Amino acid sequence: MLLKEANTRLTQSELAHLGTGEVGYIRKMRSDEVSRCFPEAPDVDPTLDLWALFGADGTPILLTDNRSSTFFKAAEDDLKTVTVH
């Protein structure tokens with residue numbers, strides 16, 4: 001099978017907004033990362049496992065200690081989810 005070369009080029013702005021409103025990503029977070037992504041969040045116990053849902057453009061949507069909650073929120077917002085390791 002031959003792959004065809006894509007001739008379409010995205011601008012930096014188009015790339016930054018690719019998937020916005022359609023795709024969200026879920027990733028595990030350390031407590032020391034929380035204040036950077038969720039500045040309004042209270043101090044978090046460093047032993048707590050945290051999960052975050054972000055929009056495709058990196059916009060923080062949800063922070064929780066329950067991984068399932070991120071999937072429920074994504075479904076509620078009609079986002080297809082991917083997990084980032």
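Trainee: What does the accessible surface of the protein come to, and what share belongs to carbon and sulfur atoms?

Mentor: About 6,600 Å², with 53% of that belonging to carbon and sulfur atoms. Keep in mind that this is a predicted model.

Trainee: Where is confidence lowest, and where is it highest?

Mentor: Helix 1, residues 12-16, is lowest at a mean of 67. Strand 3 is highest, at 95.

Trainee: How many helices and strands are there, and in what order do the elements run?

Mentor: Three helices and four strands. Starting from the N terminus, the order is α-β-α-β-β-α-β.

Trainee: How much of the protein is buried?

Mentor: Of the 85 residues, 22% are buried.

Trainee: Which residues make up the largest nonpolar core?

Mentor: Seven of them: Met29, Val34, Cys37, Phe38, Leu50, Ala52 and Phe54. Helix 2 (31-37) and strand 2 (50-55) are the elements that each give two or more residues to this core. Strand 2 has the largest share, with three residues.

Trainee: And what lies apart from that core?

Mentor: Another core, of five residues, including Ile26, Trp51, Leu53 and Leu79.

Trainee: Back to alanine 52. What is it in contact with, leaving aside neighbours within four places in sequence?

Mentor: Alanine 52 is in contact with Tyr25, Ile26, Arg27, Met29, Phe38, Leu62, Leu63 and Thr70.

Trainee: Switching to strand 3. Where does threonine 64 lie, and is it buried or exposed?

Mentor: Threonine 64 is in strand 3, which covers residues 60-64. It counts as buried because its relative accessibility is 13%, and the cut-off for buried is under 20%.

Trainee: What does its side chain reach?

Mentor: The side chain of threonine 64 reaches the backbone nitrogen of asparagine 66, at 3.1 Å. Setting aside neighbours within four places in sequence, threonine 64 is also in contact with Asp49, Leu50, Trp51, Ser69 and Thr70.

Trainee: What does a side-chain oxygen of asparagine 66 reach at the start of helix 3?

Mentor: The backbone nitrogen of serine 68, to within 2.9 Å. Helix 3 takes in residues 67-76.

Trainee: Where's aspartate 65 in all this?

Mentor: In the loop between strand 3 and helix 3. Apart from neighbours within four places in sequence, aspartate 65 is in contact with Leu48, Asp49, Leu50 and Trp51.

Trainee: How far apart are aspartate 65 and alanine 52, in sequence and in space?

Mentor: They are 13 residues apart in sequence and 8.6 Å apart in space, C-alpha to C-alpha.

Trainee: Last one, aspartate 78. What phi does it take?

Mentor: A positive one, about 55 degrees, just after helix 3. Most residues other than glycine have a negative phi.

Trainee: Which loop is aspartate 78 in, and is it buried or exposed?

Mentor: Aspartate 78 is in the loop between helix 3 and strand 4 (80-83). At 64% relative accessibility, aspartate 78 counts as exposed.

How values were computed. Residues are numbered from 1 along each chain as its sequence is written. This is a predicted model: local features need pLDDT of at least 70, side-chain atom pairs count only at pLDDT 80 or more; totals for chains, interfaces and linings use all residues. Side-chain values use heavy atoms; hydrogens and water are left out. Buried means under 20% relative accessible area, exposed over 50%, partly exposed in between (1.4 Å probe, protein chains only). A polar contact is a pair of N or O atoms within 3.5 Å; within protein, one must be able to donate a hydrogen and the other to accept it, and residues adjacent in sequence count only if both atoms are side-chain atoms. Contact means heavy atoms within 4.5 Å. Accessible areas come from the Shrake-Rupley method with a 1.4 Å probe; for residues, only the protein chains shown count as cover. pLDDT is the predictor's confidence in each residue, from 0 to 100. A nonpolar core is a set of buried Ala, Val, Leu, Ile, Met, Phe, Trp, Tyr and Cys residues joined through side-chain atoms within 4.5 Å.
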